[in-house]
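I opened the notebook to look up rings, cavities and overall build. My entries follow in the order I made them.

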Amino acid sequence: MADAFPEIDSERFGDGDWEQQARTESTVFQMPTASVVGHTVLYDDATLRTALGEADSYLQGGDASGDRLIDTGDGGGFWRFFFATALSFRPPLTPGIGTASMRPTVVSEARRSFEDDMRARGFEDVDRGRSQRARTYGGDRMSLNKLTARHPLADGATGALDVEGWLGVWSTGGSFRIAGGCYPTGGLDTLLKTVDGEPPEVDPSGYRDELLALIRSVQ
């Protein structure tokens, strides 16, 4: 990770039409004695994005201004995405303060930032599930959280786009990693029926498995 960005096993992207959409450095949250800076790479399912873009009039917009855990640059448009962030502290942590002591704060702030980011992008009823323990493929212990939310439809359409997300936070090699993403689980029929041509195949279970594999592959 010579360039400060996290490493991702590209083979874990499977058969999806994933595209890298952003590679950013930003302050993801503030702590009393330091700014926490994230080097983030963001990917999304381009096929699904294109299809839903044709149905964009049914989706209300959000306000993604300001520093966010996920910075897409234009404020949204990603409905199935994956991101990975490597954190650093400015100024650096003083000697004697290890990642173990900082872990509860980093985990809590990462969850809050992820939820705030979803709300800023127009999602409602953002609900955090119970935290669970998992391990990355590299063997690091990870705090893993499930998130559910819904995106209301506009222009007289009924229903909503339901999404499920996962966020993993862990320490490795003296620093922290955050990785996660979201994918649609319901409401796509209402949107995709407005798209000309053959709509993309929708597989929420497959989306989940692929996202969790990507999260666990981050180094």
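I began with rings: those of Phe, Tyr and Trp (its six-membered ring) pair if their centres lie within 6.5 Å, and planes under 30 degrees apart count as stacked, over 60 as edge-to-face and the rest as tilted. I searched the whole structure and found 8 aromatic pairs. One of them joins Phe13 and Trp18, tilted, with 5.7 Å centre to centre and 50° between the planes.

I noted the ground rules next. This is a predicted model, where local features need pLDDT of at least 70, side-chain atom pairs count only at pLDDT 80 or more, and totals for chains, interfaces and linings use all residues. Residues are numbered from 1 along each chain as its sequence is written, and side-chain values use heavy atoms, with hydrogens and water left out.

Is Phe13 buried or exposed? I took buried as under 20% relative accessible area, exposed as over 50% and partly exposed as in between (1.4 Å probe, protein chains only). Phe13 counts as buried because its relative accessibility is 10%. Trp18 is also buried, at 13%. I then followed the ring pairs: they link Phe13, Trp18, Tyr43 and Phe82 into a cluster.

I turned to cavities. A cavity is a set of points on a 1 Å grid over the protein atoms alone where a 1.4 Å probe fits but cannot get out; lining residues have an atom within 4 Å of a point. Volume is the space filled by probe spheres set on the points, which are joined across faces, edges and corners. I found 2 cavities of 30 Å³ or more.

At least two lining residues each come from β8 (175-186) and α4 (204-217).

Last, I checked the whole chain. I counted 4 helices and 8 strands, in the order β-β-α-β-α-β-β-β-β-β-α-α. Buried residues make up 50% of the 219. Of contacts (heavy atoms within 4.5 Å) between residues at least 6 apart in sequence, 69% join residues at least 24 apart.

Methods
1 Å grid on protein atoms, 1.4 Å probe; cavity = no way out; pocket = protein on both sides within 12 Å on 5 of 7 lines; lining within 4 Å.
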